[in-house]
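My notes follow in the order in which I went through them.

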Amino acid sequence: MNATIINIGRQFGSGGRRVAAALGVRLDIPVYDNELIAEAAQKSGFSKDLFLQRDEHKSNFTLSNLFGSINRYGSAESFLNDNRLFKIQSDVILELAQQGPAVFVGRASDYVLREMDCLDVFITAPLEIRIKDVAEREGISLDEAESMIAKRDRDREAYYNYLTFGNWGVASNYDLCIDSSILGIEGTADFIVDFGRKSGLIR
């Protein structure tokens with residue numbers, strides 16, 4: 001597989017989505033974030049709202065039938081449980097990665113694509129900067145922003161760790177961890193491209 005695949009993990013409020021978008025522009029490749037949810041919903045026939053409500057949240061995953069073979073997404077039931085949501089979304093990630101170059105944001109894509117040559121990046125930033133960014137973006141108080149950040153990061157960590165048996169945000173899980181506040185969004189994207197090309201993971 002020779003296509004460039006970049007997986008972006010990120011702390012909430014660190015600008016990871018904006019870095020991913022900047023990478024897409026620089027490399028002229030598609031970026032999949034909320035678009036991935038829409039694609040998964042379309043392929044499964046379920047509502048996009050269902051995926052949005054439970055996106056990157058851990059609740060009642062059961063790995064025993066995560067990749068079961070009863071049918072494409074498990075046995076028929078009157079509801080769609082979390083393990084099948086993950087299976088559907090993982091199938092979409094794999095299909096898109098096999099089609100060509102892409103940037104994937106979150107959703108344990110580094111784990112889903114672990115058998116492929118990918119550049120796995122984690123974006124972070126100091127808490128005080130993230131609080132200010134989220135407060136301005138969401139139009140909320142600094143205290144509310146801090147609470148939102150804590151909840152979203154807990155959700156992402158629980159989701160990632162449970163599914164991958166790994167450690168979300170721990171440097172050894174990634175090829176590159178970078179503080180986006182040092183170089184800014186555009187500078188961070190430039191740094192990732194330079195690192196990726198030197199490592200041979202961006203072609």
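This is a predicted model: local features need pLDDT of at least 70, side-chain atom pairs count only at pLDDT 80 or more; totals for chains, interfaces and linings use all residues.

Before looking at single residues, I wrote down the terms I would need: a residue is buried under 20% relative accessible area, exposed over 50%, and partly exposed in between.

Entry one, cysteines. A disulfide is a covalent bond between the sulfur atoms of two cysteines.

Entry two, the overall plan. I listed eight helices and five strands in the protein, and, reading from the N terminus on, I wrote their order as β-α-β-α-α-α-β-α-β-α-α-β-α. Of the 203 residues in the protein, 49% are buried. I looked up the accessible surface as well, which comes to about 10,000 Å², with 50% of that belonging to carbon and sulfur atoms. Among contacts with a separation of 6 or more, I found that 66% are between residues 24 or more positions apart.

Entry three, the largest pocket. What is the volume of the largest pocket? I noted about 270 Å³. The elements that give two or more residues to its lining are helix H1 (16-27), helix H6 (127-138) and helix H7 (142-164), and the largest share, three residues, comes from H1. In total 15 residues line this pocket, and I marked Phe12, Gly13, Arg17, Arg137 and Arg156 as the ones that lie nearest its centre. Sorting the lining by kind, I recorded eight charged, five polar and two nonpolar residues.

I found Gln11 in the loop between strand E1 (5-10) and H1. Is Gln11 buried or exposed? Its relative accessible area is 17%, and since the cut-off is 20%, Gln11 is buried. Leaving aside residues up to four places away in sequence, I listed what Gln11 touches: Phe122, Ile123, Thr124, Ala125, Arg130, Asp153, Arg156 and Trp168. One of these, Arg156, was already on my page, as a residue that lies nearest the centre of the largest pocket together with Phe12, Gly13, Arg17 and Arg137.

Technical notes: Residues are numbered from 1 along each chain as its sequence is written. Side-chain values use heavy atoms; hydrogens and water are left out. On a 1 Å grid over the protein atoms alone, a cavity is a set of points where a 1.4 Å probe fits but cannot get out, and a pocket is an open set with protein on both sides within 12 Å along at least five of seven lines; lining residues have an atom within 4 Å of a point. Grid points are joined across faces, edges and corners, and a volume is the space filled by probe spheres set on the points. Helices (H or I, at least four residues) and strands (E, at least two) are DSSP runs, numbered from the N terminus. Ala, Val, Leu, Ile, Met, Phe, Trp, Tyr, Cys and Pro count as nonpolar, Asp, Glu, Lys and Arg as charged, and the others, Gly among them, as polar. Buried means under 20% relative accessible area, exposed over 50%, partly exposed in between (1.4 Å probe, protein chains only). Contact means heavy atoms within 4.5 Å. Accessible areas come from the Shrake-Rupley method with a 1.4 Å probe; for residues, only the protein chains shown count as cover.
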